[in-house]
Amino acid sequence: MEMGFGLYQEQKMQLTMTPQLRQAIMLLQYSALDLRSYIEEQVRENPLLELEGTGEKTESIQQLKELEMMNRQLDWQEERTWQGSGEHNSDDLFNPIQLASAKQGSLADILCEQLVDYRLSARLASACRYIIYNLDSNGYLNCSLVELTEGQTKYTFKELEQALRIIQRMEPAGVGARTLQESLVLQLERLGLADPLTIQVIQDHLQDLADHRFVQLATILDVSVQEIQQIADLVKRLEPRPGATFSQDEVRFIVPDVIMKLNEIGEVEVVPYDDQLPRLSISPTYRNLLKKEEDQEVTQYLKGNLDKAIWLLRSIQQRRQTILRVATAIAEHQSDFLKLGKAALKPLTLREIAEEIEMHESTVSRTTQQKYAQTPHGIMELKAFFLSGVRNAEGEGVSSSQVKAEMKALIADENPGKPRSDQKLAELLKQKGFQISRRTVAKYRDELGILPSSKRKRYEG
């Protein structure tokens, strides 16, 4: 075989990730709010794009093709726009109250307002505020008074000690504590339930109590197991993070991308909800400039931005159609959910939807991330419709939510003194027709936030 250099002609196919394709993939992954921010950013960067609020007309693919033709011919005749769909008008299913929770004052604001009720001197009130603004979001003081004293020269240790005692008398009960144990004791004192045994268990044996070592604790403290059980029940009623209610985390809005519903004859309907997206248009000023401009450099600049604008319009339109296709397929598979609620959800995988709509599984995955549907049973993320499942006695798929509901019923019906083990639950579920292993039972129990049988046991008198 002779070896050497030479020139050879070869033909092959290769997929190239163009900037336009990267943009389309990126927009598909965005939530509705992220997309809005991205559109506003593009408007700031691209002089040919303008925002016009919201509207009711959607740019069609055919219109975009016509726009591209006009772009090539530099023959502008009328303004082209894109914005939210008008396929529904104030649909009864959409409830804006579900988008975000009401905002309230911060923990520091609440505590400072209560200072007025104590009629303190200006100096002591100032010391209280100094401590208040050193509390964390859970209402705890995560440093000692000695450290607070060393960090400034304005207040003495005794003044800060007095101020802390005042704060610990405020609402919510348990605020101003330096440890979890101190917070629980403060709450018990407020309830008038701080007996010596309970305080001893909290201060010296809280971990044992959390680990459900009731028998060992009863032996150590020379009391009955029932008394330890009562203390555990009492502690469960207390708030481990007294300030968390007033946390000022940023309000996170949820804007649905589609509306899933049943029409008058019981058929599934899915319509886009993109009214929250801004309306885009091509600037008439720059449009006219592009038609008349003779400077080659300016024309090239405007032409480049026009190409970007058109690709953005196409990418947004493609994103909308992809979400609609995926959501429609999901709704048809989960039609029983629209009628009956979460208990009727069926096992569903990304692959099933991908094969049905002839789309790659990774595309379906991107489409369901951070995308929400307004349904008769509230707003749900699209990925929440994909459930693992088990087989019933007939070999049919049963969703994990149905199995979990049966598990909860079995646990609720158990003898508190002899709770059912995971193995026993698996056996009972098999008797009901669910083919499930002990390991899967343990997994579902953890997902439900239910303790294992050793920690569910109660010691009644």
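Glu332 sits in helix α13, which spans residues 296–333. In this predicted model, Glu332 is partly exposed, at 48% relative accessibility. Together with Glu352, Glu355 and Glu356, Glu332 forms a negative surface patch. Helix α15 (residues 350–356) supplies the largest share of that patch, 3 residues.

Charged side chains also pair up. The whole structure holds 16 salt bridges. One of them links Asp336 and Lys346, with an N to O distance of 3.3 Å. Asp336 belongs to helix α14 (residues 335–340) and Lys346 to the loop between α14 and α15, so this bridge ties together parts 10 residues apart in sequence. Asp336 is partly exposed at 26% relative accessibility. Lys346 is partly exposed at 35%. Elsewhere, shared partners join Asp208, Asp211 and Arg213 into one salt-bridge network. Within it, the closest N and O atoms of Arg213 and Asp208 are 2.6 Å apart. Arg213 is partly exposed, at 32% relative accessibility, and Asp208 is partly exposed at 22%.

Arg458 and Asp233 form a further salt bridge, at 2.5 Å from N to O. Arg458 lies in the segment after α20 (453–456) and Asp233 in helix α11 (residues 225–236), so the pair connects parts 225 residues apart in sequence. Arg458 is partly exposed, with a relative accessible area of 26%. For Asp233, also partly exposed, the value is 24%.

The chain as a whole contains 20 helices and 10 strands. Of its 461 residues, 42% are buried. Among contacts between residues at least 6 apart in sequence, 67% join residues at least 24 apart. The accessible surface is about 26500 Å², and carbon and sulfur atoms account for 48% of it.

Terms used: Residues numbered from 1 in each chain as written. Predicted model: local features only at pLDDT ≥ 70, side-chain atom pairs only at ≥ 80, totals over all residues. Heavy atoms only, no water. Patch = residues over 30% accessible without salt bridge, like charges linked within 9 Å, V, L, I, M, F, W, Y side chains within 5 Å. Areas by Shrake-Rupley, 256 points an atom, 1.4 Å probe, with all protein chains shown as cover. Salt bridge = Lys/Arg side-chain N within 4 Å of Asp/Glu carboxyl O. Lys, Arg positive; Asp, Glu negative; His and termini not counted. Charge placed at Lys NZ, Arg CZ, Asp CG, Glu CD. Helix = DSSP H or I, 4+ residues; strand = E, 2+ residues; numbered from the N terminus. Buried < 20%, exposed > 50% of the residue type's maximum accessible area, 1.4 Å probe, protein only. Contact = heavy atoms within 4.5 Å.
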